[in-house]
Amino acid sequence: MEATRAQWKSKLGFVLAASGSAIGLGNIVFFSANAYAYGAGAFYLPYLVSLFVVGIPVLVSEMALGGETRRAFPQSLGRIAGRPGELFGWWALLNAAFITMYYVTILAWVCGMLLGTLGPLWTEATALPAFGIDSLPNPVGFFFSMLSSGWVLVLVAVVWLLNAVIVRRGIATIESAVKVFVPLMWLFMGILIVRGITLPHGEEGVYLLFTPDFQIARDPGVWQGAMSQIFFSLSLGFGIMTAYGSYLPKDADHANNGIVTACLNCGFELLAGLAVFSLLFAFAIVPQASTIAMMFFVVPQGIAAMPAAVKLFGFVFFLLLLMAGLSSSISLLEAICSAVIDKFGWSRKKTLTIACGIGILGSSAFALPQVIDRGLASNGTLGLTLLDLIDHWAFSYGLLVVGLVECLIVGWLLPASRLRQMVNANSRFRLPAVFDWLLKVVIPLGLAVILATSLWGELTGTFYGTTFTLDWAGSLPVAAALFWIGSTILGAWFLTSRRGVAQPAPRLEPAEAPEVPHAS
Ligand code: PHE
């Protein structure tokens, strides 16, 4: 198995794929929405601290783990911590699968809006019979009319199919796709920035984004926001970087790869912040803290107010979102497929068919067009409500729990000093000894405090979503939380308890001679 594992054709291919996974909707709109929610420039301090203290060390560890064990996430953790490690790895992948399911649904909406940019998105208003509303100004009206139509279910299937096509031959087809997607993403982002900051008053948004406010760092909520943003944005806690790293040659430079990927991702994020904030300030549009609103109403509203080429810029914006999103969702599909193939030895075709089948069903749940909130006071449709509830658990809690436990496993059981030694054996940039303590103590402690504070607030204050009441589904928030935790734990237990195909023991010895040629 070791000898036949596929390998990236070049180091560039790997970096493009890893940065393609990292750069996604999270960078383009979620970052701007989060930054705005936490006071724009004020967000930078917690964001940068999270990046250097947590993001980069965890990213390098995840990549190195895959590179050294040459296995997907559950098997990698299993090699360190036995069955409990494998169980936890599957739990992480299943939590990530929930995120990917609604991520694909959002991409289906992006496809719908992309089609809308050809005309209907820019017309004055759309009637919303399903909501009993005569007309709502576009693009908000267009978005909700799309949300309440069954067509979204077709788009969900289309997006899953696109994912399957790109992942059909594993990293070989992924590498070809990201070589097209990633450069185009940078080009499109460049076009939007130039347009944004050359608009009158556009630069005021840039000032706001870069005016620091150190007071805000006292608010623990800001730290949770920044930490979740870093995890999501760098695709950490998804098992992706371990899967991608497992296709690297043994002597790959993980420290360098990790730092380059993090810089590309965060550089893109800052540039996207410039584009979005300048656009909004040029047209005096109030940004919104809600990421969905930012993506589907606020930015398109800004584009609609441009003096010329509205359709073109709108098309570029949604195409950018689609490409950035696809290069992220394929990475999770690959993380799941490689874990299943590593364990059960199934063919890629069978694995992909089952994964996409389940994916289509899951994403369809988040696209359910049934209107449950006619007045649009909160979410509108059942699908969007479910998305909101699951996102709260899988994103704000799930990813951080994965980060916490993986740092404990790698930090104490491998332990961290061994990982550092292995990375430094092939690295131009030597990880300092403080890396061990970050992984062992600082990161787990920080994440534990954040998680405990939020959970405490949740249990003693208002349980998330319970203010949202429906006569027939008043307990939907509780049911969604139970479904998320129950299905991920049971699923992980099921996958761990199955017997896999025999695997040779991995070699984690630090002083191993490289037996495969360098990728670069
Ligand atoms: N890093 C991605 C982003 O910023 C998040 C993501 C990764 C989502 C993998 C789904 C799957 O958008």
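Where is Pro 415 found? I located Pro 415 in the loop between α15 and α16 (416–425); helices here are DSSP runs of H or I with at least four residues, strands are runs of E with at least two, and both are numbered from the N terminus. A cis peptide bond joins Leu 414 to Pro 415, with omega at about -5 degrees.

**Basis.** I am working with a predicted model, in which local features need pLDDT of at least 70 and side-chain atom pairs count only at pLDDT 80 or more, while totals for chains, interfaces and linings use all residues. Residues are numbered from 1 along each chain as its sequence is written, and side-chain values use heavy atoms, with hydrogens and water left out.

**Backbone.** I noted another cis peptide bond between Asn 138 and Pro 139, where omega is about 5 degrees. Pro 139 sits in the loop between β2 and α5 (140–147). I then looked up positive phi values. His 201, not a glycine, has a phi of about 70 degrees and lies in the loop between α7 (171–197) and α8 (202–209). Its relative accessible area of 46% makes His 201 partly exposed; buried means under 20%, exposed over 50%, and partly exposed in between (1.4 Å probe, protein chains only). Ala 309, also not a glycine, has a positive phi of about 55 degrees. Ala 309 belongs to the loop between α12 (291–304) and α13 (310–344) and is partly exposed at 40%.

Thr 126 stands opposite Leu 136 in β2. The hairpin has 4 residues between the strands, and Gly 132 takes a positive phi near 70 degrees. The covered face of β1 carries Thr 126 and Leu 128, the uncovered face Ala 125 and Ala 127.

**Aromatic rings.** I counted 31 aromatic pairs; rings of Phe, Tyr and Trp (its six-membered ring) pair if their centres lie within 6.5 Å, with planes under 30 degrees apart stacked, over 60 edge-to-face and the rest tilted. Phe 31 and Tyr 44 are edge-to-face, at 6.2 Å centre to centre and 65 degrees between the planes. Phe 31 lies in helix α2 (residues 25–37) and Tyr 44 in helix α3 (residues 44–69), 13 residues apart. Phe 31 is buried at 0%, and Tyr 44 is buried at 10%. Phe 232 and Phe 395 are also edge-to-face, at 5.1 Å and 85 degrees. Because Phe 232 is in helix α9 (residues 220–233) and Phe 395 in helix α15 (residues 382–413), this pair ties together parts 163 residues apart in sequence.

**Core.** I found 182 residues in the largest nonpolar core, where Trp 109, Phe 143 and Phe 296 touch the most other members; such a core is a set of buried Ala, Val, Leu, Ile, Met, Phe, Trp, Tyr and Cys residues joined through side-chain atoms within 4.5 Å. Helix α4 (residues 73–116) gives the most to this core, 23 residues.

**Cysteines.** I found 0 disulfides, a disulfide being a pair of cysteine sulfur atoms within 2.5 Å.

Methods. Pairing = 2+ DSSP bridges.
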